[in-house]
Amino acid sequence: MAYTSTAPNLSFPFKQPSSLPPSDHHHLRRHTIRLTTVAASSSPLHHSNDPNKNKPQIPPPSAAPAAAIVDTTTSTASFTSRFTADQPRKGADVLIEALEREGVRHVFAYPGGASLEIHQALTRSKLIKNTLPRHEQGGVFAAEGYARSSGRVGVCIATSGPGATNLVSGLADAMLDSVPLVAITGQVPRRMIGTDAFQETPIVEVTKSITKHNYLVTDVDEIPRIVREAFYIASTGRPGPVLIDIPKDVQQQLAVPTWTRTVKLPGYTARLPKPPETSQLEQIVRFIYQSKKPILYVGGGSLNSSEELRRFVDLTGIPVASTLMGLGSFPCDHDLSLQMLGMHGTMYANYAIDNADLLLAFGVRFDDRVTGKVETFASRATIVHIDIDSAEIGKNKQPHVAMCADLKPALQGLNSIMEKKGSQFNLDFTSWREEVADQKQRFPLKYKTFGDMIPPQHAIQLLDEMTQGNAIVSTGVGQHQMWSAQYYKYKNPRQWLTSAGLGAMGFGLPAAVGAAVANPGRTVVDIDGDGSFMMNVQELATIRVENLPVKIMVLNNQHLGMVVQWEDRFYKANRAHTFLGNPANEEEIFPNMLQFAEACGIPAARVTKLGDLKEEMKKMLESEGPYLLDVIVPHQEHVLPMIPSGGGFKDAINEGDGRSLY
């Protein structure tokens, strides 16, 4: 399915679907597309403060019949319960069996008083394995890494109060990057809700705006239905996180569950996009045929349609620029790949966008880090926007042609039309490709070397060579994240795991945990900065105990590198709390990352000289289990190119570093 990397900051009233009783305290997202693709009401929306009210109206997707039913029943032949059909069991056991019936085999759960019953039930499951994080934020980021790398729904579990609130950053991250996630939290007993009981937080209320949907379970008999709905909602339409909050007394209540009940979600399914119309697809094909300088701008919505995208490029010969979220959907080492566009995108990708006469925006949201100054972005181009989220269409940049649709069938339809035309569909963009190729030659990604010091860009480039571009790479947030996007050549979707929309430091290490659990046998590397790494360093214990073969390459510059870069460029290099070392001894590498690894029994090494890097990286990659490599890099390096915030392509910076004054 197609989806984009974040959701709109819009809020409208809506009609609650009849299948979600108010007594369950369901909270559908107030964002137009937080739950699906259009507002819940079947009638047009009218809002006095709508900034787009004078813009051309984009038709919503065709609605499904009002009585649409989602058959989410589980065949009794496909699942064997450990309970007899009429045997009472605790609500917690009902919950775990409901997860088993959804195909869940891995969860990331940290116990506490209000979730104790759930963990006891987990010990009775023969199908689900818990990977115990050392912090709830590590658990939700690990569940994200699992989901992002596998395409399956990730599951995390936490207790009430601080355990639940520790999930908030991960839920917001999953929301912004459209990651299918089900988060389950324990809650104080029903009679104590609202009394400010010990470890009580109204997590449903707290997470309303950062979940696609959430539930407070008030009836044990509703657990099977709620779990089915949660997984369906999380994984369909534009994916996102769903939270289920279960009071402890509901977990303890005895019940005989009904698994054969059909779940009805007419309000939800009616708003899922219908198959793309042939007439619209033919219109897009005509635009392609008439263009001279077309460019593809693809994002996170293209990850599930990589094969169709590659076929589309084969048929058209159109160059491809990717967002941070879309890396890997089209091979970065392909001749027609322009790699990443935007603030830290390649000069040639941004050149192509600036000079194109047709912009094919597939599964994207025209994020500010991509567009810069919106008025100048693709200002010469006819814009075609295909996205599963109708609220994204026209939100930041008004398209000339809009299609609210799942990108996969849309690309299949476009490819089919072009294949049927055969020789009649004669495209020749040779001169345009040559123009862009010339830009590639004139403005390649580049960096300088200074004696024995290790350029961080070189370390990532070397990792790409030594893994042949096949590793699953996770990152924290900052300079190392951008260099990992620029210098590692991702060949396939779901190789690249990063916190794009939220920009959450501390994401890389636990995300690598989730990726390693989901992809046994694959090489998983966390490329981290020293600042991001320390934010969830406790997950080294999880990696060791689970014996996950995660390789950790810390690009250690003793600073908050990206903030330092902005200080250099815009604040006359005035350091405002961005040095992470020991001020009493600035020559010392502090803290000692090797001792963190040693404390958890993980082999580690430090490399300070360029000539030693390859051998040390080889040791890391050949080690059987986890390994930490502390790579000392200069803090003066800048991520280039750089388009300053709010600027356009003409404002791009491609020279300089922290060794110069600005």
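The following dialogue examines a predicted model of one protein chain.

Student: What makes 60% of the 662 residues in the chain count as buried?

Tutor: A residue is called buried when its relative accessible area is under 20%. Of the 662 residues in the chain, 60% are buried, so each of these falls under that cut-off.

Student: Why is the set of 51 residues called a nonpolar core?

Tutor: The name requires buried residues of listed kinds, Ile, Leu, Tyr and Phe among them, joined through side-chain atoms within 4.5 Å. The largest such core has 51 residues, and those with the most contacts inside it include I288, L296, Y297 and F312. These residues are of the listed kinds and belong to the core, therefore the name applies. Helix 14, residues 407-421, gives the most to this core, with six residues.

Student: How do you know that another core of 47 residues is to be counted?

Tutor: This core lies apart from the largest one, and F108, L181, A511 and F533 are among its residues.

Student: What makes I288 a contact partner of F312 and F425?

Tutor: Contact means heavy atoms within 4.5 Å. Leaving aside neighbours within four places in sequence, I288 is in contact with F312, I318, L358, L360, F425, L427 and F429; therefore heavy atoms of I288 lie within 4.5 Å of heavy atoms of each of these residues.

Student: What makes strand 12 and strand 15 edge strands?

Tutor: The open sheet of six strands has the order 12-11-10-13-14-15, with parallel pairing. Strand 12 and strand 15 each pair on one side only.

Student: How do you know that strand 19 and strand 21 pair?

Tutor: At least two bridges are needed, and strand 19 and strand 21 have six, in the parallel sense; therefore they pair. I552 stands opposite L628 in strand 21. The open sheet in the order 17-16-18-19-21-20 also has parallel pairing, and its edge strands are strand 17 and strand 20.

Student: Which helix lies across strand 18, strand 19, strand 20 and strand 21?

Tutor: Helix 23, residues 613-622, lies across these strands and runs at about 160° to strand 21.

Terms used
Residues are numbered from 1 along each chain as its sequence is written. This is a predicted model: local features need pLDDT of at least 70, side-chain atom pairs count only at pLDDT 80 or more; totals for chains, interfaces and linings use all residues. Side-chain values use heavy atoms; hydrogens and water are left out. Buried means under 20% relative accessible area, exposed over 50%, partly exposed in between (1.4 Å probe, protein chains only). Helices (H or I, at least four residues) and strands (E, at least two) are DSSP runs, numbered from the N terminus. Axes are lines fitted to C-alpha atoms, for helices over the stretch in contact, and angles run from 0 to 180 degrees between N-to-C directions.
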